[in-house]
Amino acid sequence: MHTHKILKIPIAAVPFQNTFSNELGVSKILAQVLINRQIKTVSDAHEFLKPTTEHLLDPYSFLDMHRAVHSIKGAMARKEKIMIFGDYDADGITSTALLKDMFLKLGADVTHYLPHRIKEGYGLNKNAVNFAKQKNIKLLITVDCGVSDHKEIEELKRSGIEVIVTDHHEPQETALPKDTIIINPKLKDSGYKYRDLAGVGVAYKLACAICDSKLLEDLDMVCLGTIADSAPLIGENRIIAKEGLLRLSQTKKAGLRELIDNAGIADKKFSSTFVSFILAPRINASGRMDNADASLDLLLSRSPEEAGKFAKILEQHNRQRQKIEAKILGEAEDLINKEVNFKEHKVIVVAQENWHQGVLGIVASKIADRFYRPAIVISLNEGLCKGSARSIKNFHIFDALSDCGESLDSFGGHAHAAGFSIDRNNIGEFRENINRLAHNRLSFEDLIPSLDIDMELNLTDLDEKTILELEALEPFGKGNPEPLFYTRNLKLKSEPQILNKGTLKFWVTDGFVTFAAIGFRMSHFKDSIKMADNFGLVYTPKMDTWGGQNSIILELKDIIPG
């Protein structure tokens, strides 16, 4: 049964609309969208619409950056062995590839270590510490991790190994590694004024400082990791994403080229959607199904032949991941139907024996999207069990796990995504505790999905010029979603058609103009709009170029009959 979303429509800021429209020479529609993105001045609007690499922040804004560069250059001058410790997801893999490639070009003696997701888990571990000792490493640099690994860092230091942490995860300030160089924009005293860099963004800043260059040729890699990690595409990340997508579409890196060619998008206009749903899953697949080495080897490949071999391995891993994910999602939904009482459980917690740990996060994300509640998926094992959590807008999952810390062995993450390990005997207690927290922190309205509407429009407000204007807001993503509009009192102008995969297509009119409308997976609305005297549409307007024509089409997000 379909539940209509709450439509949140801002009050039109007419004075600001007029100022932006006049000063920028844009429509009042685009002006209002900019206002909704919390852009408050004309100069900020200029920078948002035309982000350039000139606006990239100085890497030495990080208070620890001078110390980090001094240590690294000293190690290189002494010909000491350097190790990069990464992570098994796209952010960690691109971070590792970026730094290792830079060190190799500088002639450094560098190696790397990527942990195995299932056998070792996230962050520094005993195996990595022993590996560093055996290889006579003198300097270890973490990327996309490390800020919570104080025990392992202390062990490395006792063994004479210096450690530099580059990370972007929320730190537990009371448990930070002591006397360690830490480059993390989320530290209270980091000195860096933009806190939302992805792990690869932080690694990029370190690389820029070492090379005393903006390394614009590497923005293709930085963009890939940033978008893959769902970092907000505002501020500095917007520059990285916009400039990076341009470079990614024309990349000369053999590995990225083969990845793009294998995915069949070489001749397309690149967007953040391509990265999120086509490229990133392939990079992530090797670390989900096995170890992440194939993905890193792909990104470090020097020739098309070498890269092509690894690209094929990633394709195989991705197909395997899709099958396993579908199976576990079906089993999880069966458990939800049997075990979850939605009146009592504001947080969904499901657990089953030997679910593949590599896909827990994806499954949790799909459950959270479907039921619009925080979702936690746990793989039961004889020893410590692994869990992955995904949340909704008004429930900070990292804080919730922190407040339930007595039930957990370890945990880490962000506001909307986290991972943890737990003794199976503590799962019942954990389920009760996190739901008790949710009852205090989530209202009934918080559990109804909402849509942030940019503006209520008449169809006559839309023309090709305005839609092309809106394209200047790209790339879209977290923090900068595609603009959404709402039009009410519309009437059906054609028989609705159901196309492939439940796609609904029809023509709609307000009595003055008529536009095509298309809703993906919205075929269940067919009968209700046929019976309704009128209805409202929530949509993003786009230009339809199918068949060589250029016409406006409304890409639907919701239909509100009557």
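Of the contacts in the chain with a separation of 6 or more, 65% join residues 24 or more positions apart. Contact here means heavy atoms within 4.5 Å. This is a predicted model: local features need pLDDT of at least 70, side-chain atom pairs count only at pLDDT 80 or more, and totals for chains, interfaces and linings use all residues. Residues are numbered from 1 along each chain as its sequence is written, and side-chain values use heavy atoms, with hydrogens and water left out.

**Overall form**

The chain has 562 residues, and a compact globule of that length would have a radius of gyration near 24 Å. The chain has 25 Å, which agrees. That radius is taken over C-alpha atoms, and the globule rule is 2.2 Å times the number of residues to the power 0.38. Along its principal axes, the C-alpha trace spans about 75 × 55 × 45 Å.

The chain has 19 helices and 19 strands. Both are DSSP runs, numbered from the N terminus: helices are H or I with at least four residues, strands are E with at least two.

How much of the chain is buried? Buried residues make up 54% of the 562. Buried means under 20% relative accessible area, exposed over 50%, and partly exposed in between (1.4 Å probe, protein chains only). The chain exposes about 25,400 Å², and carbon and sulfur atoms supply 49% of that area. Accessible areas come from the Shrake-Rupley method with a 1.4 Å probe; for residues, only the protein chains shown count as cover.

**Helix H5 and the cores**

Helix H5 covers residues 90-105. Its 16 residues reach 22 Å from first C-alpha to last, close to the 22 Å expected at 1.5 Å a residue. The expected span is 1.5 Å times one less than the number of residues. H5 is mostly covered, with 14 of its 16 residues buried. Just after H5, Gly107 takes a positive phi of about 80 degrees.

The largest nonpolar core has 75 residues. Such a core is a set of buried Ala, Val, Leu, Ile, Met, Phe, Trp, Tyr and Cys residues joined through side-chain atoms within 4.5 Å. Leu99, Phe103, Ile141, Leu279, Ile283 and Leu298 touch the most other members. Helix H8 (residues 199-211) gives the most to this core, with nine residues. Apart from it lies another core, of 40 residues, among them Leu459, Ala517, Tyr539 and Leu556.

**Loop residues and their neighbours**

Arg37 sits in the loop between helix H2 (28-36) and helix H3 (42-49). Ala13 sits in the loop between strand S1 (6-8) and helix H1 (14-24). Ala13 and Lys338 are 325 residues apart in sequence and 48 Å apart in space, C-alpha to C-alpha.

| Residue | Relative accessible area | Residues touched |
|---|---|---|
| Arg37 | 14% (buried) | Asp454, Gly479, Asn480, Pro481, Glu482, Pro483 |
| Ala13 | 18% (buried) | Gln32, Ile35 |

**Cysteines**

How many disulfides are there? The count comes to zero, where a disulfide is a pair of cysteine sulfur atoms within 2.5 Å. For Cys145, the nearest cysteine sulfur is that of Cys208, 20 Å away. Cys145 counts as buried, at 0% relative accessibility. The sulfur of Cys208 is 7.6 Å from the closest cysteine sulfur, in Cys211, too far for a bond. Cys208 is buried too, at 7%.
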